[in-house]
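User: I have a structure to read and want to know what lies behind the terms used for it. Can we go through them?

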2 protein chains.
Amino acid sequence: MATMKDIAKIAGVSLGTVSHVLNGTAGVREPVRRRVLEAVRSARYQPSQLARGLRRVQTNVIGMIIPDITNPFFPAVVRGAEDLAFSNGYRLILCNTDNDHSKELAHLNELRTYLPAGLIVIPSTFSDLTNQAESYREVGTGVVCIDRLPKDWDGDTVTGDNQAGAYQATRHLIQMGHKHLATITGPLHLTNAQERLNGFREAMEESKLQLAPEYVQEATFDKQGGASKAALLLRLIPRPTAIFAGNDMIAFGVLAAIREAGLRCPQDVSVIGFDDLELAELTNPALSSVSQSGYQLGSTAASILLERIRGYAGPAKHIIQETSLKLRDSVASPSPGIPVKRTATGNRRASKR
Amino acid sequence: MATMKDIAKIAGVSLGTVSHVLNGTAGVREPVRRRVLEAVRSARYQPSQLARGLRRVQTNVIGMIIPDITNPFFPAVVRGAEDLAFSNGYRLILCNTDNDHSKELAHLNELRTYLPAGLIVIPSTFSDLTNQAESYREVGTGVVCIDRLPKDWDGDTVTGDNQAGAYQATRHLIQMGHKHLATITGPLHLTNAQERLNGFREAMEESKLQLAPEYVQEATFDKQGGASKAALLLRLIPRPTAIFAGNDMIAFGVLAAIREAGLRCPQDVSVIGFDDLELAELTNPALSSVSQSGYQLGSTAASILLERIRGYAGPAKHIIQETSLKLRDSVASPSPGIPVKRTATGNRRASKR
DNA sequence: GTCTTCTTTTGAAAGCTTTCAAAATTGAGT
DNA sequence: ACTCAATTTTGAAAGCTTTCAAAAGAAGAC
């Protein structure tokens, strides 16, 4: 591979001049400039990102740390970040943590030695990001946190409007006539799961609807978790007529559990999810869901990072993306025909808890 | 950040010795070794991957080029590669091409300047990878091609057994009693789509079943493509009683089109997909599909790459992963009740083609 | 104690860029 | 033509590691 030295020789100039032409770091007389450019072309020269990074103490790499690319919500986030990064000359190093904070730590430590221009992180559970990011910031490397936040985080953030989205979804269920609502939340040590629960509660309180503790179930953010907690909810008396799921994966599990229990969605139980994954329209019934753009989450994070890279040193930005309710076929009014009301038996059973 | 020089000073040895301790490149007396290691620990030293890569003409980075992380089949592939890479000290730079060979070329060119230890590529359509990889191989950088192959590729490969999988699926449909089979293939300039079509044809021929050209439709590998071509197939007379889809996304489209046409799956039309995405079990009916492990595709590719990195210089490896048929609820025997036979009208219409 | 032979350790070069101070060149003004 | 100021260009250093030849040290044989 041709090096800068080769170019300098071909063009008959010094190393410094080649660098200046390439980076526009100093005025170079036109004919010289042309000669250099021509040499670059003829030799198919491309500057070594390694040497460049070493000298500049900063590479064109952005570290992206996420729990698991295999989780259907994240690919869009990554893609959004990659697109913006790519079009600005940056590349993404992708790291999966599996929500394991020690793995996250390993990535954080190793990534540092690549001198990345910045980091985009979806923190793992119990993440130590707040402390770790300190050392990045010290050397001027931006770290933006997305989707959910680690404890005490005070840097840049991009998140969905979880509370508002959940509120909106719950409100819709209530307006459809539901009175017995339940929710299956994500892991409540995750801020996004918390906020969604808050939104749910807010709507419930606003409508003065009772919410017994057993109607709030915490699960992992996956189908498995949704299914098992839904099975549990469906056995409660009175049986909830609507379930707000902490995310779509949970909702898919709920859908499965409803079928499993011999019930129908939406006739017997309405369901709303969160995230509006592409697959939401594939299920039967198609899932109503709170839509938030993962792509935008990623691209916005990248754009904040780019600002930081270009020198913005202002206060931390906290961007909250709007959500919107995407209505499909998984919600209906509670059927008045065979309402599962408090029966004598039901009461008795319920009072056992 | 501490550098090697600092460590050398703390431990009271020379730079070279530190390097030898860290890399085991030369015997170092135990007490010295311990002193160095202790210094490394106390200073939290981590070697600069950049300087190291620059000097060694090889970094701990693996370039991974795929069409689009947003396509549900690829995350597992990436994850498989990342896991194996990570556990061996390598990191992944992720590049999306959107199947655009010029974008692929851009990535290929830029990636070179990072001196990656290797490349894992799912080639874009009309990929020029065969030529491009030449320059990588010249400097001893391995390139392994997965899922589908570019023209004239003669390097390492890992692919699913597309033909066998398709054959198996088609055979199953035939055994269930179907005689009017159709297929919606992926883009036929992709080797995997071709092979799947071959498998389909093989099974048809084996059973001496007729296959009129209009029962083979080519589509893009997505829901959209599947839906529109399925709509077309469902209007043919005789109407196919079973459709083999080139991948699951196409199959999802088929499912939608069937519903759209007022028909039922599997009673009226059976469907089998390919890939066995996680979502296949979420649809209604749950989709039967040819299962191939994306994760394994990725991890196997990474392991071949690691062998190359470690010096294996033998002939190209061509690994073909087994597929298996995953039966769910989208296939049934053709209903004998109301078979769509060649009617007089049907014949006339059909003969118009 | 000296010599030889290994084994350890060292010092410097090399890898490719950017950057800064210094040198060279240009152009305007007189 | 000559000076001065401004603009271009150069050369060398620096960034952090690995590696190779050479120097230093240890150990064994005599």
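The questions below take up the terms one at a time.

Analyst: Go ahead. Keep in mind that this is a predicted model.

User: How do you know that chains A and B are in contact?

Analyst: The cut-off is 7 Å between C-beta atoms. With it, 31 residues of chain A are in contact with 31 residues of chain B. On the side of chain A that touches chain B, 16 are nonpolar, 11 polar and four charged.

User: Why are β2(A) and β2(B) called paired?

Analyst: Pairing needs at least two bridges. These strands have three, in the antiparallel sense, so they are paired. Leu92(A) has Leu94(B) as its bridge partner.

User: Why are β7 and β12 of chain A called edges?

Analyst: The open sheet has the order β7-β6-β8-β9-β10-β12 in chain A. Both β7 and β12 have a single partner strand, so one side of each lacks a neighbour in the sheet.

User: What makes the pairing of β9(A) and β10(A) parallel or antiparallel?

Analyst: Strands of a sheet pair through backbone hydrogen bonds, in one sense or the other. β9 and β10 of chain A pair in the parallel sense, over four bridges. One bridge joins Gly273(A) to Ser289(A).

Terms used
Residues are numbered from 1 along each chain as its sequence is written. Chains are lettered from A and ligands numbered from 1 in the order in which they are written. This is a predicted model: local features need pLDDT of at least 70, side-chain atom pairs count only at pLDDT 80 or more; totals for chains, interfaces and linings use all residues. Two residues are in contact if their C-beta atoms, placed from the backbone, lie within 7 Å. Ala, Val, Leu, Ile, Met, Phe, Trp, Tyr, Cys and Pro count as nonpolar, Asp, Glu, Lys and Arg as charged, and the others, Gly among them, as polar. Helices (H or I, at least four residues) and strands (E, at least two) are DSSP runs, numbered from the N terminus.
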